[in-house]
Amino acid sequence: MHATLYPYHPGSRGTAETSREAADKIASVAKTQRTKVLAALLAVHPEGRSSDQIATATGISTYSVRSRVSELMAAGQVERTDDRTKNDGGRSVMLWRAAQ
């Protein structure tokens, strides 16, 4: 595992310097957020949670939760379930769970 590469470090798009700088700037926060997201999913395992539900449980913005879930999924720590739920807007959303 190389701590400065995705999924253990926030990703950046292409070779744009500003994108890399942004990823580097949030790296320590992202690590803490990944830990909180995974803990929230482990707490309800084998049940799943939507990104919105994880955000509510952790106090992390839904936008950041989605990025952390993507990183955790790429690392093999989170998996998509076959279940769905409705978000506050009434749209069907997927549920995530800790991979065991």
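## Structural report: helices, hairpin and salt bridges

The buried residues of helix H2 are Ser 51, Ile 54, Ala 55 and Thr 58. Viewed down the axis of H2, these residues fall within an arc of 100 degrees, so they line one face of the helix. The arc is taken from the directions that run from the helix axis to the C-beta atoms. Buried denotes a relative accessible area under 20%, exposed one over 50%, and partly exposed a value in between (1.4 Å probe, protein chains only). The face of H2 turned away from the buried side carries the exposed residues Thr 56 and Ala 57. After H2 comes Gly 59, with a positive phi near 80 degrees.

The model is predicted: local features require a pLDDT of at least 70 and side-chain atom pairs count only at pLDDT 80 or more, while totals for chains, interfaces and linings use all residues. Residues are numbered from 1 along each chain as its sequence is written, and side-chain values use heavy atoms, with hydrogens and water left out.

**Overall arrangement**

The protein chain contains three helices and two strands, which run α-α-α-β-β from the N terminus on. Helices (H or I, at least four residues) and strands (E, at least two) are DSSP runs, numbered from the N terminus. Of the 100 residues in the protein chain, 31% are buried. Among contacts (heavy atoms within 4.5 Å) with a separation of 6 or more, 45% are between residues 24 or more positions apart.

**Nonpolar core**

The largest nonpolar core has 12 residues: Val 37, Leu 38, Leu 41, Ile 54, Ala 55, Ile 60, Val 65, Val 69, Leu 72, Val 78, Trp 96 and Ala 98. Two or more of these residues come from each of helix H1 (17-44), helix H2 (51-58), helix H3 (62-74) and strand E2 (92-98). Such a core is a set of buried Ala, Val, Leu, Ile, Met, Phe, Trp, Tyr and Cys residues joined through side-chain atoms within 4.5 Å.

Leu 38 lies in helix H1 and is buried, with a relative accessible area of 17%. Not counting residues up to four places away in sequence, Leu 38 touches Leu 72, Gln 77, Val 78 and Ala 98. Under the rule that leaves aside neighbours within four places in sequence, the contacts of Ala 98 are Leu 38, Leu 41, Leu 42, His 45, Gln 77, Val 78 and Glu 79. The C-alpha atoms of Leu 38 and Arg 97 are separated by 8.5 Å, although these residues are 59 residues apart along the chain.

**Hairpin**

Strand E1 (residues 78-86) pairs with E2 in the antiparallel sense over six bridges; strands pair if DSSP finds at least two bridges between them. Thr 85 has Val 93 in E2 as its bridge partner. Five residues separate the two strands of this E1 and E2 hairpin, and Gly 90 in the turn has a positive phi of about 85 degrees.

**Salt bridges and a polar contact**

A search of the whole structure finds three salt bridges, each defined as a side-chain nitrogen of Lys or Arg within 4 Å of a carboxyl oxygen of Asp or Glu.

| Salt bridge | N to O distance |
|---|---|
| Arg 97 and Glu 79 | 2.7 Å |
| Arg 68 and Glu 71 | 2.9 Å |
| Glu 71 and Arg 34 | 2.7 Å |

The pair of Glu 71 in helix H3 and Arg 34 in helix H1 links distant parts of the chain, 37 residues apart. Glu 71 is buried at 2% relative accessibility, and Arg 34 is buried with a relative accessible area of 10%.

Arg 68 and Glu 71 both lie in helix H3, three residues apart, about one turn of the helix. An α-helix has 3.6 residues a turn, so residues three or four places apart point the same way. Both Arg 68 and Glu 71 are buried.

Arg 97 is partly exposed, with a relative accessible area of 26%, and Glu 79 is partly exposed at 31% relative accessibility. Through shared partners, salt bridges join Arg 34, Arg 68 and Glu 71 into one network.

Arg 68 also meets Gln 33, their side chains making a polar contact (2.9 Å). A polar contact is a pair of N or O atoms within 3.5 Å; within protein, one must be able to donate a hydrogen and the other to accept it, and residues adjacent in sequence count only if both atoms are side-chain atoms. Gln 33 is placed in helix H1 and counts as buried at 14% relative accessibility. With neighbours within four places in sequence left aside, Gln 33 is in contact with Ile 60, Ser 64 and Arg 68.
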